[in-house]
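Morning, everyone. Please look at the sequence and the structure on the screen.

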Amino acid sequence: MVPLKLIWRNLLRHKLRVLLTAGSLTVAFFLLCVLQALVVSLDQGVKNASKKRLVVQSAVSLFVNLPISYQGKIETVEGVDETMKMTWFGGYYREPANMFAQFAIDADRMETIYSNVELIEGSWDEFKNTRMSCLVGKETANKYGWSVGDRVPIVGMIYPRLDGSEWQFDIAGIYDAGAEASIDDLTMYFHWDYLEEAMEAGATTGADGIGVYSVLLSDGYSQAGVGAEIDSLFENGPQRVQSTPEGEFNAQFVSMVGNVPFFVGTIGMGVLIAILLATLNTMLMSGREQTRDVGVLKALGFDGSAAFWLLLSQSLILCGFGAGTGIFLALGIEGPLQAVLGSNFPGLQINREVLTPAIILAICVALFAGLAPALRARRLTVIEALREEV
Amino acid sequence: MQESQHGVELIRVSREYTRGGEGVKVFDDVDLSVKPGAFCAMMGPSGSGKSTLLNLVGGLDRPDSGDVIVGDTLLSELGESDLAEWRSENVGFVFQGFNLVPVLTAYENVELPLLLTGLSKAERKEHALHALELVGMGDRAKHRPGQLSGGQEQRVAIARAIASDPGVILADEPTGDLDFESACQVLDLLGRLHTELGKTILMVTHDPRAAERAERVIHLDKGRINESPAAPDDGFREVKPKEGEGA
């Protein structure tokens, strides 16, 4: 049994040193949490992707459109329950700086394909039945102050209107992607028919065809099996396709942002090693200073484990306080962080995937820094401890 | 006065240290017997083994061979944790450098050994304050060691040594770092522990005046133990000299 006040007072023996170390831990764990949140955000679209959906794209490139006729053929493959066109529109709201994602889709099929998407305002029927209507993610709606019924002007870059005017969309619903990992809350979805009509009428230019087809599988069919069937269907052209499980498709976008996870991970590792050494240094100094106390305790009849816990407890408290403060700060800044980085890192949050490794790392740092002096304290004999010059 | 039940007996004890790669024999087959309730001073030049002897009796060190018996406990039979427990119940230490824990108050320092007993918080407080009163430091209970003079620190250390009412007090040069007046106060205190509380006291000292306070003076030199010629006949058993050395 170690007196708690002895642990506490020894910890505060050098207040400035402890404060600086705790401060370093706070900054380090705050950074680690934020960096980890960025990585998790990039990764969640891959990990949480549906196992029941495929994305069919051109085998040549994602930037090469597929023929419209492919949709009907894909639907003949056994195991395909539903398909939906998805074409990247590439527009902005009023200013080029207000760029966000827009997709032309089969409006009547989205509810089936993305069944987890929830409309928090408006209705699916209104969206399906009105040609100029669109669905907007809640974050984009919040950002621009849009609500259901608003008419939104969008300037098309891939599909510019030839008269120089803007595209007009009526907001029929505002959605919350919820558990739907492949969708963020930033995107606009509108009728592919609306785009097609404009193209047929010569009101706009742009690539013919469909960017990708999203394919929903029937129960009991595997992504690999159905995907292979679809690919073989178009093996002899006119254009070969590549069917990819949705998770893999999403992973392409993560890899497109280059080595961000590696870069972020490397920074995090550097921060961790630096704080590990700083904490170890503090604990080794504390251990050295308390050598005589350890000798006294042992002479009085306290055993080696008391000496061990005297030192290790200080490390645990120090790391618990420093890292805990950093983690709480990260939790506190979650909202502002989402506001600033949410468009680039959709779903950014300080959740369990961020907190669990942070807490485990904090315990590891505490153990790593505290074990060396604690083991030394346990091993020292009374005579060695009392003779040691501090 | 209730006399301590803790006599001390060293039987054919040998102890050797390794220094600079060479073995240094501190004791070689030494015998010593101290009766319960005795006040015994140990003198000798540096390196003569005075502190080693205290460490052996206090269970802080173990002999290479031979037996150390304190009271009715053969220390070599105890494992490390049993030895620690035995120390907490039977031995109080007073060090030359006081060795108070600097972050604790005088009261908390005295309370430390009591934490190993089954006493309640209120009982611990009573015992610790009583010990502080006994050494005249009751009014300094809330002071930290850094706020006390050397003599006061040593008196607190003595209070800590007697707080759990051990049978044996081992004092390693308790007046070594003190001025004359403080040294006298500390020696008076140790004398009272002996006469009023009947503690068995083994005190290492370089100071002949301090040694005069003891009933018996043992001289250590080169691993041998010699009785002081001036030591009064206090009823201690004779020290058994090493064979062939005629201690």
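I'll cover some backbone angles, then the nonpolar cores.

First, the ground rules. This is a predicted model: local features need pLDDT of at least 70, side-chain atom pairs count only at pLDDT 80 or more, and totals for chains, interfaces and linings use all residues. Residues are numbered from 1 along each chain as its sequence is written, chains are lettered from A and ligands numbered from 1 in the order written, and side-chain values use heavy atoms, without hydrogens and water.

Start with the backbone. Most residues other than glycine have a negative phi. Now look at B:Phe98. Its phi is positive, near 70°. B:Asn99 is positive as well, with phi near 55°. Where is B:Phe98 found? In chain B, in the loop between β6 (91-94) and α3 (106-111). Helices (H or I, at least four residues) and strands (E, at least two) are DSSP runs, numbered from the N terminus. B:Asn99 sits in the loop between β6 and α3 too.

Buried or exposed? Buried means under 20% relative accessible area, exposed over 50%, partly exposed in between, with a 1.4 Å probe and protein chains only. B:Phe98 has 8% relative accessibility, so it counts as buried. B:Asn99 has 6%, so B:Asn99 is buried.

Next, the cores. A nonpolar core is a set of buried Ala, Val, Leu, Ile, Met, Phe, Trp, Tyr and Cys residues joined through side-chain atoms within 4.5 Å. The largest has 95 residues, and B:Leu53 and B:Leu202 touch the most other members. Helix α2 of chain A, residues 15-47, gives this core its largest share, 13 residues. Another core lies apart from it, with 39 residues, among them B:Ala161 and B:Leu193.
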